[in-house]
Amino acid sequence: MSGDIGEGPAVVLVGPMGVGKTTVGQVLAERLGTTFRDTDTDIVATAGKEISEIFIDEGEPHFRELERQAVRTAVAGHRGVLALGGGAVLDEGTRALLAGLPVVFLEMGVAEAVKRTGLDAPRPLLAVNPRQRWRELMEQRRPLYTEVARAVVSTEDRTPEAVAEAVLDVLELKNA
């Protein structure tokens with residue numbers, strides 16, 4: 001599969017922080033013979049600072065605007081595998097932009113999330129009471145992830161390679 005076939009990204013991964021979008025996305029890109037892009041990485045490059053610093057210095061609304069711009073740019077110009085930040089789906093315009101694209105929601109449970117994100121990781125939205133906050137974020141975001149997703153793939157007790165394989169299966173890209 002070439003990285004420039006079709007309109008829009010070959011695969012778009014959405015889901016909560018720590019679910020493995022970047023790791024799985026890199027495996028998928030390799031399997032599909034295309035490139036990988038992560039909008040969080042784009043935001044850090046544009047802002048010249050880590051996301052946690054953007055939240056502290058400029059606040060969440062500023063970060064969300066940077067995120068909207070990063071997603072628009074990536075969806076318009078990237079034909080490979082694209083991973084979006086956990087909160088990207090909060091924006092109605094972003095959700096509309098994802099309509100019709102091969103979006104996969106990677107999901108996991110709260111115990112797995114806490115294990116993966118850690119209690120001391122630089123995740124500004126999980127700074128206080130991470131378990132409860134993660135549950136609250138998922139209550140808010142799960143309907144949005146499922147709204148934009150063509151398919152849902154669990155990452156629980158699976159290697160990144162097994163998750164990538166499941167994504168290829170569900171999108172029928174196995175023989176691509």
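This is a predicted model: local features need pLDDT of at least 70, side-chain atom pairs count only at pLDDT 80 or more; totals for chains, interfaces and linings use all residues.
1. **The overall plan.** The chain has 176 residues, and 49% of them count as buried.

2. **Contacts and surface.** Take the contacts between residues at least 6 apart in sequence. Of these, 73% join residues at least 24 apart. The chain exposes about 8500 Å². Carbon and sulfur atoms supply 49% of that area.

3. **The sheet.** The 5 strands form an open sheet. Their order is β2-β3-β1-β4-β5, and the pairing is parallel. The edge strands are β2 (36-38) and β5, each of which pairs on one side only. Neighbouring strands are turned by 25° against each other on average, with direction ignored.

4. **How the strands are joined.** Start with β1 and β3. They run parallel and are joined by 3 bridges. Here Val11 stands opposite Val81 in β3. β1 also pairs with β4, again in the parallel sense, over 3 bridges. In that pair, look for Val12 opposite Val103 in β4. Next come β4 (residues 103-107) and β5, a parallel pair with 4 bridges. Val104 has Ala151 of β5 as its bridge partner. Leu106 has Val153 of β5.

5. **Two strands, two kinds of cover.** β4 is mostly covered, with 4 of its 5 residues buried. In β5 (residues 151-154) the side chains alternate. Ala151 and Val153 point to one face and are buried.

6. **One side of α2.** Which residues of α2 are buried? They are Thr39, Asp42 and Ile43. These residues lie on the same side of α2, because they cover an arc of only 100° around the axis. An α-helix has 3.6 residues a turn, so residues three or four places apart point the same way. The buried residues of α2 pack against β2, α3 (51-57), α4 and β3.

7. **The largest core.** The largest nonpolar core has 40 residues. Val11, Val14, Leu28, Leu106 and Val167 have the most contacts inside it. Several elements give two or more residues to this core: β1 (11-14), α1 (21-32), α4 (60-77), β3 (81-83), β4, α7 (130-148) and α8 (160-170). A second, separate core has 7 residues, including Ile43, Ile51, Phe55 and Ala70. As background, nonpolar side chains tend to be buried together in soluble globular proteins.

8. **Val11 up close.** What does Val11 touch, leaving out residues up to four places away in sequence? Its contacts are Leu28, Leu32, Gly80, Val81, Leu82, Pro102, Val167, Leu171 and Leu173. Val81 is also the residue that stands opposite Val11 in β3.

9. Ala162 sits in helix α8. Is Ala162 buried, exposed or partly exposed? Its relative accessibility is 34%, so Ala162 counts as partly exposed. The cut-offs behind this are under 20% for buried and over 50% for exposed. Ala162 and Val27 are 135 residues apart in sequence. In space they are 9.8 Å apart, C-alpha to C-alpha.

10. **Two residues with positive phi.** Asp157 is not a glycine, yet its phi is positive, about 55°. Asp157 is in the loop between β5 and α8. With a relative accessible area of 73%, Asp157 is exposed. Glu172 is not a glycine either, and it has a positive phi of about 55°. Glu172 lies in the segment after α8. Its relative accessibility is 72%, so Glu172 counts as exposed.

Technical notes:
Residues are numbered from 1 along each chain as its sequence is written. Side-chain values use heavy atoms; hydrogens and water are left out. Buried means under 20% relative accessible area, exposed over 50%, partly exposed in between (1.4 Å probe, protein chains only). Two strands pair if DSSP finds at least two bridges between them. A nonpolar core is a set of buried Ala, Val, Leu, Ile, Met, Phe, Trp, Tyr and Cys residues joined through side-chain atoms within 4.5 Å. Contact means heavy atoms within 4.5 Å. Axes are lines fitted to C-alpha atoms, for helices over the stretch in contact, and angles run from 0 to 180 degrees between N-to-C directions. Accessible areas come from the Shrake-Rupley method with a 1.4 Å probe; for residues, only the protein chains shown count as cover. The arc is that of the directions from the helix axis to the C-beta atoms.
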